[in-house]
Amino acid sequence: MTPDPERCLTCSDDAVAARVVSVDGLEAVVAVGRDTERVGIDLVPDTRAGDVLLCHAGIALERLEEQR
Amino acid sequence: MRYVDEYRDPALARALAAEIRSLVDPGEVVRVMEVCGGHTHAIYRHGLEELLPPELELVHGPGCPVCVIPMGRVDDAIAIAETDGVTLATFGDMLRVPGGGGSLLEAKARGADVRMVYSPLDALALAAQEPDRHVCFFAIGFETTAPATAVTLLRARAGRTPNFSVFCNHVLIEPPLRAILETPGLRVDAFVGPGHVSTVIGTDAYRFIPEEYGRPVVVSAFEPVDLLQSIAMLLRQRAEGRCEVENQYTRVVRREGNRRAVAAMAETMEPRADFEWRGLGVLPASALRVRDAFAAFDAERLFTLPGARIEDPKACRCGDVLTGQIKPWECGVFGTACTPERPLGTCMVSSEGACAAFFSYGRLRRPREEAPVGG
């Protein structure tokens, strides 16, 4: 994830909510601002396009519940 | 933007600030520790202390992973980086953390191959792209970040990437909280719990705080309204005579956390006997090491490391800042010998560090606070 420049690069406890554009195996393409990033979805199975994932250090940690 | 705008609503923030004012008595002091560096950063960035009554004091806790890494571990990382044929990859802020023998950025200037990545998966990809080099990921972070390292180790084993390793420095949130709670003369009345660590470990992980130490906890998200609501929830507990763990960050944090993430961590890593924390000393079972089953990817078994214990510079009071004993500006070198450009201590390196956050956003408040009474 490309973090907000105002925030910590290391981000122990920083994470970004991002909407899934597409899913390809264990990776999802998520929209972050005007860019897209790839994140691992190993820990959030059944991810679908349109979900909003909480992403940190290149992986999704959780799905935001309101989206389904 | 959804999930951001509604949590920055000024009217809502003012209403919560008014509620907080109504829940404290004039002249009393209620000390609330925000454990997480992300919260510290948000508090300064949004000027939340300006909205709070003087009776409510925020104490900045130890939850910045950069800030708690001891200098000796940075020197170990530099030793790995300066090994022939090795590329050391890590998060951006770690490059500037001073060890006893300089920083990784200085090692890079001397010719070491040090690269910044946003994810351990990027480091693994680097290893696949450059099979003639060994790529070591310098892993730091609490339970928020450890799952990414766990996933990377699992993928490294599945993909049989022989030229990849992890220098594991992941730390756990419970031991430093216990150390703080057992500090003699502790003056913290309540805790704002970390949001994203809790996404992984769940809110039940903090039950020991009310049950064993009699302090309430509210797990909080990171926007201004979130933090104000969490503080109001803590004060409501007090007003109603309750003392428990509550969850303000319900849009993502579950009581049990993410079990897959916890399982991935447990499969790949195990607690160390002890680990040195900056400012807190050596804490038992407070950090993770790579498990035997993943020994082929464990930098501590692949490299000979100095493993030295290095005292912090005497003038630096990061330890006192990390345990909430002093405010950043009360350190003698704050803003003079120690600045974000030339940090002496780790709290000044990461933007989540209390000193760096205060340096960047809070300095305008100091003259008013320090103005002599009646002067």
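Where chain A meets chain B, 25 residues of chain A and 42 residues of chain B take part; two residues count as in contact if their C-beta atoms, placed from the backbone, lie within 7 Å. This is a predicted model, where local features need pLDDT of at least 70, side-chain atom pairs count only at pLDDT 80 or more, and totals for chains, interfaces and linings use all residues. Residues are numbered from 1 along each chain as its sequence is written, while chains are lettered from A and ligands numbered from 1 in the order in which they are written.

**The chain A side of the contact**
- Strands E4 (52-56) and E5 (59-63) of chain A each bring at least two residues to the side that touches chain B.
- E5(A) gives the largest share of that side, with three residues.
- Sorted by class, that side holds 11 nonpolar (Ala, Val, Leu, Ile, Met, Phe, Trp, Tyr, Cys and Pro), eight charged (Asp, Glu, Lys and Arg) and six polar residues (the others, Gly among them).

**Chain A itself**
- Chain A has five strands and zero helices; strands (E, at least two residues) and helices (H or I, at least four) are DSSP runs, numbered from the N terminus.
- Of the 68 residues in chain A, 49% are buried, meaning that 20 or more other C-beta atoms lie within 10 Å of a residue's own, with C-beta atoms placed from the backbone.
- Among contacts in chain A with a separation of 6 or more, 34% join residues 24 or more positions apart.

**A helix in chain B**
- Helix H6 of chain B (residues 120-129) has buried residues including B:Pro120, B:Leu121 and B:Leu124.
- The buried residues of H6(B) pack against strand E3 (35-40) of chain A, and also against parts of chain B, among them helix H7 (146-158) and strand E5 (134-141).

Conventions. Buried ≥ 20, exposed ≤ 12 C-beta atoms within 10 Å, placed from the backbone.
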